[in-house]
Amino acid sequence: MSNFGNKTIDLFAGIGGIRRGFENAGFETVFSNDFEPKCKLTFDLNFSDPKLFIEDIRNIDPSSLPDFNYLLGGFPCQAFSIAGYRPGFQDEKDRGNLFFYIAKILEDKSPDGFLLENVKNLCSHDSGKTFEIIKDTLSDLGYHINYKVMNTMDYANIPQNRERIYIVGFKNAKCADNFSFPEPKPLTKSVKDFLETDVDKKYYYEGKPLYERIKNDVVSEDDVYQWRRQYVRKNKKKVCPTLTANMGTGGHNVPIIKDSKGIRKLTPLECVRLQGFPFDYKLPDTSDGPLYSQAGNSVSVPVIESIANKMKDAIMSVTVE
């Protein structure tokens, strides 16, 4: 990796899922940022320098960033109107959208490329207009892009139903032409492969109000369930439903399983494992709510790593010509 630029900045870094995937593929992180202070507790337990820099991206001057080759970010998608959109991002009405701060950094720093991650619905948001603006903006900045919706259960050998769009861009057209997204791989692992062996009794439902409402529906140790406010839903594919940030705001969103001791919800550590973080990944001694949110907000590390390796292949194919 030393014969081409492999330095990355890690925006909307959360607990470091994208960073971990790219570092596993041989890239070097020179800056990590998020605006949520509670992420820093988890992030800094698991990464050496650079530690997580807490600041709203809107307050970061691109000129203050270290030099880098690739921008990485799983950015939030906020609504913005196509009316009044202008190249150069001067429209005050739309300046609140965080994508434009990514675009501003790309404009000012002109790195070799990027990886952006978002929810699958980005493609159809506002009848497709949002994604058109994003594609046009990136193209106007001189990037050639590829994008694909990928499901974790199809590309990572991790039993989580998680569809996300991944957008890869290169300044070098040959890199873009030589880039291809990873191929699917068979799912051979089950949720059981990711469970802790000794789970605190606080995660079990017996003796709690919800128990009587779910005990007759959560019957198999081979399935994963979810409490949907009024009823229990079993995942028909025997995989974990999409882990979401709002798991941290109410127990009805956390996946439920049955084990030899009873009916319980997944622990925060199990949720992190089901995002593909290593089993030795550490969680801080803090309340569960933020940890569930951090797991749901994160990315599936092996999917990111496989894309990073494909990006590296494309870069190297041009570098050695």
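Visitor: Why is Lys238 called partly exposed?

Guide: In this predicted model, Lys238 has a relative accessibility of 43%. Buried means under 20% and exposed means over 50%, so at 43% Lys238 counts as partly exposed.

Visitor: And what makes Asp223 count as buried?

Guide: Its relative accessibility is 6%. The cut-off for buried is under 20%, so Asp223 falls on the buried side.

Visitor: How do you know that Asp223 forms a salt bridge with Lys238?

Guide: Look at the closest N and O atoms of the pair: they are 2.9 Å apart. A salt bridge needs that nitrogen within 4 Å of the carboxyl oxygen, so Asp223 and Lys238 pass. The two sit 15 residues apart, with Asp223 in the loop between helix H7 and strand E8, and Lys238 in the loop between strands E9 and E10.

Visitor: What makes Lys109 and Asp67 a salt bridge?

Guide: Here the closest N and O atoms are 3.5 Å apart. The limit is 4 Å, so this pair counts too. Lys109 belongs to helix H3, while Asp67 lies in the loop between strands E3 and E4, 42 residues apart.

Methods. Residues numbered from 1 in each chain as written. Predicted model: local features only at pLDDT ≥ 70, side-chain atom pairs only at ≥ 80, totals over all residues. Heavy atoms only, no water. Salt bridge = Lys/Arg side-chain N within 4 Å of Asp/Glu carboxyl O. Helix = DSSP H or I, 4+ residues; strand = E, 2+ residues; numbered from the N terminus. Buried < 20%, exposed > 50% of the residue type's maximum accessible area, 1.4 Å probe, protein only.
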